[in-house]
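Please keep the sequence and the structure in view while reading.

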Amino acid sequence: MATTGLPESISSDLSRVTESLQMLAPRWNVWVLMAMSEKPLRYRELKNALPWLPDGQLHPRLVRLVDSGLLDRTEFDSQDVLYGLSARGRELLPVLGVIAAWGTKHLEKEMALDPATGHRVPKTVPRAQDIEDAIALIAPRQATPILWALRIRGTSSAKALAATAMPDRHLTNVYAPLNRLLDDFLVTRGHDGRFTLTAAGRDLAPVYQALSAWAAGAPLNEAANHPVWAPNPAQLQDRPALWITTQPRIPAVPTPPVRPAWKPGDLFISHTTTVVRPAGAPATGGRTR
């Protein structure tokens, strides 16, 4: 094997994680899954839970999620269809909880005035939004191997990253995904031109451990010991926390106070169709700086 290649076990793991992220990444997929986190729903119940998704958007998502093995579909007749999480889909719920925890800590929130204190505080958003926005940052195909390579190397030049993370592609192909990760504050570049993970980037380790275990069909309680994403104490030194700036991609909603313990149903909160965006933000998806 070439010195710039990856061991087969690592390459396979990175591919499985990337494919899992791309399965979840399409907009609203997480919301559809969360709608059934507590019990199966008939199609008409799903339409009521996700009123902003017309049939032309909801039905294709359900078809793809069934095809991917995350949902089960039971047809009683042509007008009565029940959808529910498959065994594989139910195993994904704790993984989504890990992603939600990262999003709650690192995703930037709009500020609002707290009427009780008169202070400006971050708006509370549904966990499904935190999950969807977090996945959007790491779902691009080259993001996972680059972040993994930086976790292993600590600091690295673009050339070394390209050789490790994408050895079968030309060196220049590393710059587009690297620049995106820089824009999202998952990676930073020093004065010497070398790259390293930010605090937010390093905090993705539990997310990748959970995704890796799920993708391999292993129990989540074994995720922390997964050999590919196992903690490396030498590289987990304390550094100042950074906010991730992300364009909200769903209608803003009032949410209840944070509960002391997470339950699957906490991830989904139905909402109105009023779109609220930061001043100057584009009308469609994307990220803001």
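In this predicted model, helix α5 has a set of buried residues: G89, L92, L93, V95, L96, G97, I99, A100, W102, G103 and H106.

**Helix α5**
- Helix α5 covers residues 87–106, which is 20 residues.
- From its first C-alpha to its last, α5 reaches 30 Å, close to the 28 Å expected at 1.5 Å a residue.
- The helix has a kink of about 30° at L93, shortly before the proline P94.
- The cover over the buried residues of α5 includes the helices α1 (8–24), α2 (29–35), α6 (127–138), α10 (199–202) and α11 (205–215), together with β3 (80–85).

**A salt bridge within α5**
- The structure holds 8 salt bridges, and one of them joins the side chains of R88 and E91 at 3.2 Å, N to O.
- Both R88 and E91 belong to helix α5 and are 3 residues apart, about one turn of the helix.
- An α-helix has 3.6 residues a turn, so residues three or four places apart point the same way.
- R88 is partly exposed at 26% relative accessibility, and E91 is partly exposed at 45%.

**Other salt bridges**
- R42 and D80 form a salt bridge through their side chains (2.6 Å, N to O).
- Because R42 lies in strand β1 and D80 in strand β3, this pair ties together parts that are 38 residues apart in sequence.
- R42 is partly exposed at 25% relative accessibility, whereas D80 is buried at 17%.
- R73 and E75 also meet in a salt bridge, at 2.9 Å, N to O.
- R73 is partly exposed, with a relative accessible area of 41%, and E75 is partly exposed with 44%.

Terms used:
Residues numbered from 1 in each chain as written. Predicted model: local features only at pLDDT ≥ 70, side-chain atom pairs only at ≥ 80, totals over all residues. Heavy atoms only, no water. Helix = DSSP H or I, 4+ residues; strand = E, 2+ residues; numbered from the N terminus. Expected span 1.5 Å × (residues − 1). Bend = angle between axes of the 7 residues up to and from the residue. Buried < 20%, exposed > 50% of the residue type's maximum accessible area, 1.4 Å probe, protein only. Contact = heavy atoms within 4.5 Å. Salt bridge = Lys/Arg side-chain N within 4 Å of Asp/Glu carboxyl O.
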